[in-house]
Amino acid sequence: MSRSERKWDHIRFALENRQNRSTVFDDIQFIHQSLPNSNVSDVRLNGSIGGLSLSSPIFINAMTGGGGEKTYQINQQLAIAAAQTGVAMAVGSQMSAIKDKHERYTYEVVRKENPDGIIIANLGSEANSENAKLAIDMIEANALQIHLNVIQELTMPEGDRNFTSSLNRIEEICSHVNVPVIVKEVGFGMSRETVEALFSAGAAIVDVGGSGGTNFAEIENKRRNQSLPFFNNWGIPTPISILEGSSVSKGIPIIGSGGFSSSIDIAKGLAIGASAIGLAGLFLQTLVEEGLDALIQKINTLHMELTMIMTALGAKSIAELKKAPVIISGETYHWLTQRGIDTKPYSQRTIK
Ligand code: FNR
């Protein structure tokens, strides 16, 4: 099967395979404030993360490109939505365009449609610093994502089987490119040990990309003759992964992604330590099934609802939302307790 056909398979199966909302987000509860002393018009969603100036904490996470006309059209429409709503956008892995220059236009369209926006390049951890520079230049990227996708590769019939030296290559890329490097998972989460190793290697930002959303084990299992079913339930759920990462981040920004589908879950992800939240599957589904206007409307609605939630909590900024007191219970509490991560500070802090 060609790389281009595989890209389309991923889109098709991601749409067919939409997950139900992960209930792990229910483990995080805000404490209601009857006197928030706030005003909707004072709430600001912008912020700065790892050297990137974002007008919103919500962004369109990496999906596609490199699969000819169909992926060109999806990237074009995602870029128009990003430009009109002011959100950042990552493209899908650009290795196909590095290997075949005829695929470049499927990525370049993103910069064409959004000349002034924050656009993020994307490669896998097999890439070297030369690949990284080409990917960044191709779309005049403001940052580079390097994705880690061991479980996807193992489940993919034609996937990689050798995962040695990834951290060395990431370190090399971080020291050779002149934009912030974001290392991300694709939906299996990261432990605090992984996050620590990535920050030591020079990553400017880590996107923990937890489980609970698009499931690349299920997608690749659909493409296999003999399934590897044990990978379908593999991984660290997104809220737990954000909390693991935050426990060691020492002020270096964490991004949360994997399974976000509502403003309340986005607010929870930010409150427990993420500085931005990436959405892929939900935005793809909205675009393909309902069209570009619906996607723009969806992003605007998420912004409006997040503003309402922040007003209710008395948080004027994303920095203040990260101080909102929350109760952490259930599976998440159990996990963190076993890992020696203290949940009490989250319930006892205040915004003021
Ligand atoms: C992805 N994702 C992805 N990630 C990446 O770093 N490079 C890539 O090329 C792709 N390709 C891709 C294709 C499709 C069709 C989807 C839906 C997703 C993963 C994506 O960025 C994200 O990490 C996961 O999808 C989890 O987030 P959601 O979908 O649960 O919001």
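N37 sits in the loop that runs between β1 and β2, where strands are DSSP runs of E with at least two residues and helices are runs of H or I with at least four, both numbered from the N terminus. The structure is a predicted model, in which local features need pLDDT of at least 70 and side-chain atom pairs count only at pLDDT 80 or more, while totals for chains, interfaces and linings use all residues. Residues are numbered from 1 along each chain as its sequence is written, and side-chain values use heavy atoms, with hydrogens and water left out.

The phi angle of N37 is near 55°, a positive value in a residue other than glycine. N37 is exposed, because its relative accessible area is 71%; exposed means over 50%, buried means under 20%, and partly exposed lies in between, using a 1.4 Å probe and protein chains only. E140, found in the loop between α5 and β7 (143-148), also is not a glycine and has a positive phi of about 45°. With a relative accessible area of 56%, E140 is exposed.

## Two serines

S34 is placed in the loop between β1 (28-30) and β2 (47-49), and its relative accessible area of 61% makes it exposed. Its side chain is joined to that of H32 by a polar contact of 3.3 Å, a term for a pair of N or O atoms within 3.5 Å in which, within protein, one must be able to donate a hydrogen and the other to accept it, and residues adjacent in sequence count only if both atoms are side-chain atoms. Although S34 and A312 are 278 residues apart along the chain, their C-alpha atoms are separated by 8.2 Å.

S129 belongs to helix α5 (residues 129-138) and counts as buried, because its relative accessibility is 6%. A polar contact of 2.6 Å links the side chains of S129 and E172. Apart from neighbours within four places in sequence, S129 is in contact with E172, I173 and H176, where contact means heavy atoms within 4.5 Å.

## The protein as a whole

The protein has 16 helices and 12 strands, and its C-alpha trace spans about 60 × 40 × 40 Å along the principal axes. Of its 352 residues, 58% are buried. Among contacts between residues at least 6 apart in sequence, 74% join residues that are at least 24 apart.
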